[in-house]
Structures are given as C-alpha cells and as structure tokens.
Amino acid sequence: MSATTSVRPVLPPDIKARKGGQPLVVLTAYTTPMARLVDPHCDMTLVGDSLGMVLHGMPSTVGVTMEMMILHGRSVVRGLSKAMAIIDMPFGSYEESPQQAYRNAARLMAETGAPCVKLEGGAHMAETIAFLTTRGVPVMAHIGLTPQAVNTLGGYKVVGRDGEADKVMADAKACEAAGAFAIVLEKVPQGLTSRITAALNIPTIGIGAGVDCDGQVLVIDDMLGLFTDFRPKFVKRYAELGKLADAAISTYAAEVRAREFPAAEHAFADVLPAKAKS
Ligand code: KIV
C-alpha cells in the first residue's frame, strides 16, 4: 500500500477565514530567489506592480504592463511552496469594463499560476469585483492611497482625513459586498483603519495604516534597504542590504584594480594534479 501526501495550497477562502486571528504576514516579491526567502515566513506574497519602480526604475506604477506582471508573476510562483501568491492587475488592464478585467485577470492567473489578483479602487470598481468573483477570479481590493491614480490624486498622500473618512469606509464596504476576499488599506489614518477593520468581515491588510489591521504588507526592497530612492514614513528598515552590497562591490572593484582578485583558489591549473595513489 502506498500513501500519498499532498499539501493543499493556501487559497483565498483560507485567508478570508483568518479574519480577526493572528495577523497575516505579507511581503512583495518579484523574482524566484526573493520568493524563496519570503515563502517560509509569510502567509501571502504579493507580486506588486511596485516592481515597475523598484526593479525597472520607472517614475510610478503607471507604465507597468501585463507582460511585466506575467514575467515576474511566473518567477515568483516558481519560488513558492507555502505562501499564497497574489498578482497585481496593472494600470489600464481592468478599469475599462468588467469584461476587460476578466480577460486580463484570467490571463494573469492562467499564465502565472497565481490563484487570485489584486486591483486598485473602491466603490467605483465594485461592479468589476463582483463580475470577477462570481466567475472564478478571487479579488483582493486595494483602497486608500491607490498609487496607479497618482496623477489624479496629485501625489502619494494620506487618504481618509478631513472629511474623506466616510468615502473610504464606503469604499471598503462596497469591496466587501462585491465579494473581495481581503482588502489592502494604504496610507489610511489609524483611527479610520480600526473602524474599517471592525466593520468588515474580510481581513484588512495595512501598509501605512497602523497596527489595527488583520495583516501587514511591505515592499520587500524597502524593508531590506535595497530600494533607497525615497523612504515613506510607514517603512521600517529591517536590514541595510543596499549598504552591504555597496561595500561588497567597492571591495571587489578595489581588488580587481589591485590584481588581488582572482586569487589562486579562483583560477584553474593548466595541468590537473596527479591523483594520489592508494
Ligand atoms: O504594488 C505593491 O507593491 C502594492 C503594495 C504596496 C500593497 O500594491
């Protein structure tokens, strides 16, 4: 008799069921090696469209394409064995109509292996979220600061102060009613975050939204100190890998110039040493 053990992957309903439990841990990843590092420690790994700025030097996420998301999404899914992958829908791939969103979400899922997508927008995207979720596409919503709308928002500002709170609450409720399995709150003031988290039956995942969310997400290159172009207030640096890399590269350059690298142990002999006789 043979026993087969198969590990069921984490899926959106499992994440939804974690509402109010131990905080969900989420980090972005864009490549297989980073996904392998993140996987043992995280519940979810987001292939965020932040990759446009972090990896490709773009000024915002607006120029990120479906092809970029598919390439990096595949790479991340290959590196995961435990954490659930979420893939961002890039700007312009879902806003036009529910049908356009479905076509592109299905492509992202089929071509990367990710079991769900994330899209930006509140009440105005509810029809699209309902269209997707009733047709087999689990959706994580993203409200508050929505970076793809930077050109209409006029910058990366806190969203939900000064009379905007009711709208952000209404956005959160509309996304839940439309069937989102979880919702990202970005740069939302912490009092409002607490009220939204208490009002919803789906997990809230915060980035710059205070401690009262059901989970937290950070951009991996920010928290590792690899992306240093700017540093939002909500980023905590858990390492300074950029500084370590700079020191290593500088030592390498100095050793090459001084002919100290490669040393004998990094080079190949012209003649193989004779094998020791036993
Ligand atoms: O693209 C991204 O990395 C994101 C997170 C910041 C939530 O959307």
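Reader: Is the crossing of α4 and α5 left-handed or right-handed?
Author: This is a predicted model: local features need pLDDT of at least 70, side-chain atom pairs count only at pLDDT 80 or more, and totals for chains, interfaces and linings use all residues. Residues are numbered from 1 along each chain as its sequence is written, and side-chain values use heavy atoms, with hydrogens and water left out. A crossing is left-handed if the near helix is turned anticlockwise from the far one by less than a right angle, and right-handed if clockwise. The crossing of α4 and α5 is right-handed.

Reader: At what angle do α4 and α5 pack?
Author: Two packed helices are described by the angle between their axes and the distance between the axes. Axes are lines fitted to C-alpha atoms, for helices over the stretch in contact, and angles run from 0 to 180 degrees between N-to-C directions. Here α4 covers residues 66-79 and α5 covers residues 98-112. Their axes lie 8 Å apart, and the angle is about 35 degrees.

Reader: Which residues of α5 does α4 meet?
Author: Contact means heavy atoms within 4.5 Å. From α4 come Met66, Glu67, Met69, Ile70, Gly73, Arg74 and Val77. In α5 they meet Asn104, Arg107, Leu108, Glu111 and Thr112.

Reader: How many charged residues does the contact of α4 with α5 have?
Author: Ala, Val, Leu, Ile, Met, Phe, Trp, Tyr, Cys and Pro count as nonpolar, Asp, Glu, Lys and Arg as charged, and the others, Gly among them, as polar. By these classes, the contact has five nonpolar and three polar residues. The charged ones number four.

Reader: How many strands does the chain have?
Author: Helices (H or I, at least four residues) and strands (E, at least two) are DSSP runs, numbered from the N terminus. The chain has 11 helices. Its strands number eight.

Reader: Which residues does Ser93 contact, leaving aside its neighbours within four places in sequence?
Author: Ser93 sits in the loop between β3 (84-88) and α5. Buried means under 20% relative accessible area, exposed over 50%, partly exposed in between (1.4 Å probe, protein chains only). Ser93 has 4% relative accessibility, so it counts as buried. Its contacts are Met66, Gln100, Ala101 and Asn104.

Reader: Does Gly92 count as buried, partly exposed or exposed?
Author: Gly92 is also in the loop between β3 and α5. Its relative accessibility is 45%, so Gly92 counts as partly exposed.

Reader: Which residues does Val62 touch, not counting those up to four places away in sequence?
Author: Val62 lies in the loop between α3 (51-54) and α4. With 24% relative accessibility, Val62 counts as partly exposed. It touches Phe91, Gln148, Val150 and Asn151.

Reader: How far apart in space are Val62 and Ser250?
Author: In sequence, 188 residues separate Val62 and Ser250. In space, C-alpha to C-alpha, the distance is 34 Å.

Reader: What share of the 278 residues of the chain counts as buried?
Author: The C-alpha atoms fill a box of roughly 80 × 60 × 35 Å, taken along the principal axes. Among contacts between residues at least 6 apart in sequence, 58% join residues at least 24 apart. The buried share is 47%.

Reader: How much space lies in the largest pocket?
Author: On a 1 Å grid over the protein atoms alone, a cavity is a set of points where a 1.4 Å probe fits but cannot get out, and a pocket is an open set with protein on both sides within 12 Å along at least five of seven lines; lining residues have an atom within 4 Å of a point. Grid points are joined across faces, edges and corners, and a volume is the space filled by probe spheres set on the points. For the largest pocket, that space is about 640 Å³.

Reader: Which element gives the largest share of the lining of the largest pocket?
Author: The lining has 25 residues, with Gly208, Ala209, Gln216, Leu218 and Phe234 nearest the centre. By class, 16 are nonpolar, five polar and four charged. β1 (24-28), β7 (204-207) and β8 (215-218) each supply at least two. The largest share, four residues, comes from β1.

Reader: Which residues line the largest cavity?
Author: The count comes to one cavity of 30 Å³ or more. The lining of the largest cavity has seven nonpolar residues, no polar and no charged ones. These are Val26, Leu46, Ile86, Met140, Val184, Ile205 and Val217.

Reader: What is the phi of Lys187?
Author: Most residues other than glycine have a negative phi, and most peptide bonds are trans. Lys187 lies in the loop between β6 (182-186) and α9 (190-199). It is not a glycine, yet its phi is positive, about 50 degrees.

Reader: Which residue does a cis peptide bond join to Phe261?
Author: Omega of this bond is about 0 degrees. The partner of Phe261 is Pro262.
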